[in-house]
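Biologist: Can you take me through this model? I'd like to go topic by topic.

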Amino acid sequence: MKGPTRVGPFCCVGRHKDTMAGEHRPLRVQLCAITVDHEPMIEFDAVESAAVARLGGATELEAALVRPEPPESLAMIGDDRYLSVMCRRIFRAGLTHRLVDARWPAFEAAFDDFDLESVAALDEDDLKRLAADERLIRHRKKIFAVRDNAQAMQTIVDEFGSFGFWLAEWPEDEIVELWAELKKCFTQLGGNSGPAFLRMTGKDTFLLTDWVVRAMSEWNFYSGKTNTRSAHADIQALFNTWNEKSGRPYCQISQILAFSID
């Protein structure tokens, strides 16, 4: 199991601008360019200025931005809560969040409040029974993924002491490697599900939603594939630069990108 390279409550967020559309007025922006690798690159200040103008002011932008949890808060969260949020994210994929959230108390009851040991011990008959339970969302593969992911999480807990510690210690400037590790170790956490799970827990991460990808292209930061390991590495390097220059967390940088375009 790969671990981090250096050393609160969950924010189960709904949809933010880096995950949904918004209506903003057009804006002309005077672009200030710098040179990186002999190619002109727009300063991120110009992107933030566009986001401010489209939201109606700096106060409005700040109010719309999420804030990550500090590592010490993430480390204190129980493994059962991480499993619950992970599974909620998996069930949300392809369904309305409101539907999943309305049924989540029934999931908590059915899965023993997502106690790691209890869920990991479920057998095939238990899972088949749960997959037929009308109180739940009867998606067989996702129901079975709850047990499989509890077992995978237990492996991390056995090695690192807690899932929260493992997560909290992972450096944000290597966050795409955490995406890859989640996809490898857990069921149904590929694509945007891994990053979305991290966002729900409060772990600082950027998202590669359609809005963020389009903003990177429109601002001439990046274009091309965004779903390969090499693409993730290139995009991580961009976000690392913006993080260093702006002092903003990665989650806010991706939101500002999405807010900056029509």
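Modeller: What follows runs from the overall picture to single residues.

Biologist: Before that, what kind of model is it, and how are residues numbered?

Modeller: It is a predicted model, where local features need pLDDT of at least 70, side-chain atom pairs count only at pLDDT 80 or more, and totals for chains, interfaces and linings use all residues. Residues are numbered from 1 along each chain as its sequence is written, and side-chain values use heavy atoms, with hydrogens and water left out.

Biologist: How many helices and strands are there in the protein chain?

Modeller: The protein chain has 14 helices and 2 strands. Helices (H or I, at least four residues) and strands (E, at least two) are DSSP runs, numbered from the N terminus.

Biologist: And what share of the residues is buried?

Modeller: Of the 262 residues in the protein chain, 50% are buried. Buried means under 20% relative accessible area, exposed means over 50%, and partly exposed is in between (1.4 Å probe, protein chains only).

Biologist: What about the accessible surface of the protein chain?

Modeller: It comes to about 12600 Å², and carbon and sulfur atoms account for 49% of that. The areas come from the Shrake-Rupley method with a 1.4 Å probe; for residues, only the protein chains shown count as cover.

Biologist: Salt bridges next. How many does the structure hold?

Modeller: There are 16 salt bridges, each being a side-chain nitrogen of Lys or Arg within 4 Å of a carboxyl oxygen of Asp or Glu. Side chains of opposite charge can pair when their charged atoms come close.

Biologist: Give me one within a helix.

Modeller: Glu181 and Lys184 form a salt bridge, with their closest N and O atoms 3.6 Å apart. Because they are 3 residues apart in helix H10 (residues 175–185), about one helical turn separates them.

Biologist: What does Arg129 pair with?

Modeller: Arg129 meets Asp126 in a salt bridge, 3.9 Å from N to O. Both are in helix H7 (residues 124–131), and since they are 3 residues apart there, the separation is about one helical turn. Asp126 is partly exposed, with a relative accessible area of 22%.

Biologist: And Arg147?

Modeller: The side chain of Arg147 meets that of Asp148 in a salt bridge of 3.0 Å, N to O. Arg147 counts as buried at 11% relative accessibility, while Asp148 is partly exposed at 30%.

Biologist: Changing topic. Which residues form the negative surface patch?

Modeller: The patch is formed by Asp112, Asp113, Asp115 and Glu117. Patches are made of residues with over 30% relative accessible area and no salt bridge; like charges are joined within 9 Å, and nonpolar side chains (Val, Leu, Ile, Met, Phe, Trp, Tyr) within 5 Å. Lys and Arg count as positive and Asp and Glu as negative, with His and the chain ends not counted. The place of a charge is NZ of Lys, CZ of Arg, CG of Asp or CD of Glu.

Biologist: Where does Asp113 lie?

Modeller: Asp113 is in the loop between helix H5 (97–110) and helix H6 (116–120). Asp113 is partly exposed, with a relative accessible area of 45%. Asp112 is found in the loop between H5 and H6 too, and is partly exposed at 43%.

Biologist: Which contact does the side chain of His232 make?

Modeller: A polar atom of the His232 side chain lies 3.0 Å from the backbone oxygen of Thr226. His232 is in helix H13 (residues 229–246) and is buried, with a relative accessible area of 15%.

Notes: A polar contact is a pair of N or O atoms within 3.5 Å; within protein, one must be able to donate a hydrogen and the other to accept it, and residues adjacent in sequence count only if both atoms are side-chain atoms.
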